[in-house]
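Please keep the sequence and the model at hand while reading.

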Amino acid sequence: MSAFKATAIAHPNIAFIKYWGNRDENLRIPANGSISMNLAGLFTRTSVTFSPELNTDALVLNGKPADPAALRRVSRFLDFIRGFAKTGWHAEVVSENNFPIGTGLASSAAAFAALSQAATAALGLTLTEQELSRIARLGSGSACRSIPEGFVEWQAGTCHEDSFAFSIAPATHWDLVDCIAVVSSGHKSTGSTEGHSLANTSPLQPARVADAPRRLEKVRRAILEREFATFAEVVEQDSTIMHAVMMTSTPPLFYWQPVSLEIMQKVSQWRAEGIPCCYTLDAGPNVHVISMSSSAPEVTSRLNSIPGVKQVLQATPGGPAQLVEG
Ligand code: PMV
């Protein structure tokens with residue numbers, strides 16, 4: 001590894017209590033705190049090389065030059081890091097993820113967590129986990145939650161210094177499995193950066209944000225005590241409250257597809273039958289069915305039998321973002 005090159009991997013995460021809407025769009029200071037779990041097995045691997053010989057930044061994504069919008073976003077993010085490290089050097093960023101193509105699972109969280117770790121290491125910066133989490137947040141809010149390991153809470157804070165994520169329990173704490181039902185998605189949906197800026201146009205957002213401390217407290221406690229029933233109830237409610245805000249924004253955002261709703265209804269029935277599982281959806285139609293590991297095979301096989309489910313991926317709680325040889 002040359003002095004100005006480093007490689008890192010990071011996992012995506014699934015939010016149990018969602019982040020939707022910013023208090024400060026530029027710094028991505030969220031309207032409310034959130035809680036998530038890193039997803040082992042799924043990862044982004046990113047190499048960054050800074051060089052005085054480059055005239056511009058370059059970005060290669062999954063083996064192809066990235067589109068101009070993606071490059072602009074990465075360049076803007078690298079500007080923060082260049083400012084921090086007091087250098088004007090440009091960088092070549094090479095990033096790939098192992099998520100199956102066409103699943104709609106491309107994750108900016110894993111991408112910006114890996115990029116933060118690799119870019120700061122390439123420039124020789126030694127940062128604490130908290131500092132790294134704050135930097136990752138500037139690229140994509142939820143990326144700050146992919147820096148620490150396992151079960152993670154992002155404290156909303158009010159400024160750059162106090163808005164970061166930390167681990168509330170290690171990956172080994174609770175043997176949950178995220179069974180991700182990948183469903184056929186019709187059209188491209190609105191990305192989350194644009195979505196966050198619409199959150200305040202919904203008359204429901206103030207109520208969602210005001211009640212967030214109660215949901216955070218319940219889910220945090222349920223995780224610490226490994227209490228699935230309360231966990232399931234609040235995780236589902238939190239997902240639906242976020243989607244209610246999305247659906248009542250101007251313009252409205254509908255991420256659910258008919259099959260998403262069908263899966264949600266089935267998951268509720270399965271839980272009523274005694275199978276410990278619950279659903280949550282991010283800004284897309286795929287349904288994350290969180291299960292106890294003992295029921296993950298049954299849940300996976302039931303999900304696979306629903307027409308419209310293209311495939312089911314499984315992910316256990318994952319570790320932190322890490323530097324790797326590369
Ligand atoms: O970090 P972003 O800007 O991609 O926003 C993530 C938003 C949700 O995935 C919908 C919720 C969350 O907390 O991860």
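## Surroundings of Ala10

In this predicted model, Ala10 is in contact with Leu42, Phe43, Thr44, Ala110, Ala113, Ala114, Ser146 and Ala321, once its neighbours within four places in sequence are left aside. Ala10 belongs to strand S1, which covers residues 5-10, and it has a relative accessible area of 0%, so it counts as buried, a term that applies under 20%. Between the C-alpha atoms of Ala10 and Gly308, which are 298 residues apart along the chain, the separation is 30 Å.

## An open sheet of four strands

Four strands form an open sheet in the order S2-S5-S10-S11, and their pairing is antiparallel. Strand S2 (13-17) and strand S11 (164-169) are found at the edges, where each has a single partner strand, so one side of each is left without a neighbour in the sheet. On average, and with direction ignored, neighbouring strands of this sheet are turned by 35° against each other.

Within the sheet, strand S5 (residues 34-38) and strand S10 (residues 151-155) run antiparallel and are joined by four bridges; Ile35, for instance, has Glu153 in S10 as its bridge partner.

## The ligand site

Around the ligand there are 14 residues, of which Tyr19, Ser142, Arg145, Ser192 and His196 come nearest. A polar side-chain atom of His196 lies 2.9 Å from an oxygen atom of the ligand, while a polar side-chain atom of Ser140 is 3.0 Å from a ligand oxygen atom. From Gly141 a polar backbone atom takes part, at 3.5 Å from an oxygen atom of the ligand. The ligand taken alone exposes 380 Å², and the protein buries 94% of that area.

Terms used
Residues numbered from 1 in each chain as written. Predicted model: local features only at pLDDT ≥ 70, side-chain atom pairs only at ≥ 80, totals over all residues. Heavy atoms only, no water. Pairing = 2+ DSSP bridges. Helix = DSSP H or I, 4+ residues; strand = E, 2+ residues; numbered from the N terminus. Axes fitted to C-alpha atoms, helices over the stretch in contact; angles between N-to-C directions. Buried < 20%, exposed > 50% of the residue type's maximum accessible area, 1.4 Å probe, protein only. Contact = heavy atoms within 4.5 Å. Near = heavy atom within 4 Å. Polar contact = N/O pair within 3.5 Å; in protein donor to acceptor, adjacent residues only side chain to side chain. Areas by Shrake-Rupley, 256 points an atom, 1.4 Å probe, with all protein chains shown as cover.
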